[in-house]
Amino acid sequence: MKTANTEASISLTAEKPAKAKIAYIDHLKILATVLVVLHHTFITYGAPGGWYFKQPSNLMAAKFPMTVFVATNQSFFMGFFFFLSALFVGPSYQKKGAGKFLVDRLKRLGVPLVFYSLVLSPVLIFLVEKYGKGARYSFAEFITSYHNWIDFGVMWFVAALIVFNLAYLLWQKLSINLNIKISWPSNTQLLVAGVLLGLISFLVRLVWPTGWVLSPVGFQLGYFPQYIVCFIAGVIASNNKWLDQLSLKQGKSMAWMARAMVLLLLPAIFVWFLIAKFPGNYFNGGWNPVAFTYALWEQITGIMIMTALLCIAKFKWNNNAPFLKTLSANAFGVYMFHPLLVISVSLLLKDWAIEPAIKLLVAAPLAVSSSFVFAGLLRKIPGVKNFL
């Protein structure tokens with residue numbers, strides 16, 4: 001899997017919201033997309049996780065904050081995408097009907113997925129082989145011996161979203177009632193949900209530890225309990241108008257708790273891990289105290305951050321700034337093509353004789369800005385907007 005593991009409207013792939021009152025959802029989409037780009041740039045220069053090209057720092061003083069950053073991202077950002085995407089699944093189905101809904105999903109999600117696997121993925125791998133590892137063969141020579149044609153890379157998210165949408169469609173066709181009436185949960189209910197999700201994640205990782213990938217689709221099943229729950233929660237949220245029930249007070253309280261989890265508890269877990277000299281793979285899963293503690297921390301923290309972002313954004317970020325609207329429109333293109341820009345930037349800086357952590361300070365803003373510019377230019381090509 002190419003992430004340590006990120007769009008057509010409410011998240012990367014929902015339909016365009018029409019009302020200004022939910023403009024903050026687009027802004028959350030921008031934030032989450034930027035975090036995806038930064039996530040993979042941090043992995044390039046020393047944070048843990050898989051990526052196409054890496055030039056990691058050996059400085060613990062640099063690697064530790066990088067690790068905290070990607071661990072915090074991983075606790076919520078992909079689950080958040082699934083939640084946001086699911087918010088408009090129900091309304092889209094009701095508006096279009098089963099047949100049109102299915103065709104639309106397969107077109108909007110399937111075409112970019114196939115393009116990434118058959119076109120973009122070979123290009124990315126060749127760039128790394130040629131300019132990162134010094135391979136002497138041409139692209140023509142490379143492609144004649146290339147066999148890894150099913151390689152979704154970061155688009156594993158889109159593949160999973162197709163599966164989830166098909167499951168939703170099947171659920172509807174079986175006439176199973178999805179209109180569960182439930183109010184937006186309290187802080188206590190959310191924390192209990194985080195504990196339960198942490199326990200489920202711990203148990204799942206006994207079988208599929210993080211880092212284990214379901215080939216060839218690239219699913220890290222150790223993270224999927226959160227993704228499934230977040231998608232279902234998004235459907236329930238839409239049916240019960242949860243966005244109308246959000247409160248700023250709850251968002252602020254969750255934000256303070258999330259800060260404590262990230263800035264105090266996570267470093268404490270790392271210190272405990274180092275002092276006790278546990279094996280490095282204990283974080284990935286298994287019947288051990290580190291995997292258990294980390295799974296609980298990850299899921300509780302993830303729910304705190306998602307709740308804080310939703311609540312605070314509704315009351316603080318709900319404006320229709322034209323620039324942000326443009327960034328939002330380009331978000332899916334950024335998600336899809338950012339590996340090309342992250343890899344290109346890191347390869348351009350490869351021979352710069354300086355500490356990799358310093359390179360990160362240069363590469364990160366370049367990767368983010370160039371990804372949005374590139375996606376914007378692509379969307380000017382006739383017909384491309386139908387898929388990006």
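Q: What pattern does the chain follow when you read along the sequence?
A: The pattern is α-α-α-α-α-α-α-α-α-α-α-α. Helices here are DSSP runs of H or I with at least four residues, strands are E runs of at least two, and numbering starts from the N terminus.

Q: What makes the chain as compact as a globular protein of that length?
A: Its radius of gyration is 21 Å, close to the 21 Å that the globule rule gives for 388 residues, so the chain is as compact as a globular protein of that length. The radius is taken over C-alpha atoms, and the rule is 2.2 Å times the number of residues to the power 0.38. Along the principal axes, the C-alpha trace spans about 60 × 55 × 40 Å.

Q: What kind of model is this, and how are residues numbered?
A: This is a predicted model, with residues numbered from 1 along each chain as its sequence is written. Local features need pLDDT of at least 70, side-chain atom pairs count only at pLDDT 80 or more, totals for chains, interfaces and linings use all residues, and side-chain values use heavy atoms, with hydrogens and water left out.

Q: How do you know what confidence the predictor has in the chain?
A: Look at pLDDT, the predictor's confidence in each residue, from 0 to 100. The mean for the chain is 92, and 94% of its residues reach 70 or more. Over residues 1–11, though, the pLDDT is below 50, even if the model gives this stretch 66 contacts beyond near neighbours in sequence. A contact means heavy atoms within 4.5 Å. Residues 13–20 also stay under 50, with 31 contacts beyond four places in sequence.

Q: Which elements have the lowest and the highest mean pLDDT?
A: Helix α10 (residues 322–329) has the lowest at 91, while helix α6 (residues 187–207) has the highest at 98.

Q: Why is N165 called buried?
A: Buried means under 20% relative accessible area, exposed means over 50%, and partly exposed is in between (1.4 Å probe, protein chains only). N165 has 3% relative accessibility, so it counts as buried. This residue lies in helix α5 (residues 156–173). Leaving out residues up to four places away in sequence, N165 touches V89, F101, R105, L109 and F231.

Q: Why does N73 count as buried?
A: N73 comes in at 3% relative accessibility, so the buried label applies. You'll find N73 in helix α2 (residues 60–86), in contact with L35 and H39 once neighbours within four places in sequence are set aside. Its C-alpha atom is 16 Å from that of L84, eleven residues apart along the chain.

Q: What makes P267 buried?
A: The relative accessible area of P267 is 18%, so it is buried. P267 sits in helix α8 (residues 248–276) and touches F64 and V262, not counting residues up to four places away in sequence. P267 and P65 are 202 residues apart along the chain, yet their C-alpha atoms are separated by 9.5 Å.

Q: Why is K241 called exposed?
A: K241 has a relative accessible area of 57%, so it is exposed. The residue is in the loop between α7 and α8, and its phi is positive, about 55 degrees, although K241 is not a glycine.

Q: What makes K277 exposed?
A: Its relative accessible area is 74%, so K277 is exposed. K277 belongs to the loop between α8 and α9 (289–316). Phi of K277 is near 55 degrees, a positive value in a residue other than glycine.

Q: Why does G280 count as exposed?
A: At 57% relative accessibility, G280 gets the exposed label. G280 also lies in the loop between α8 and α9.

Q: What kind of peptide bond joins S215 and P216?
A: It's a cis bond, with omega about 0 degrees. P216 is in the loop between α6 and α7 (224–239).

Q: How many of the chain's residues count as buried?
A: Of the 388 residues, 55% do.
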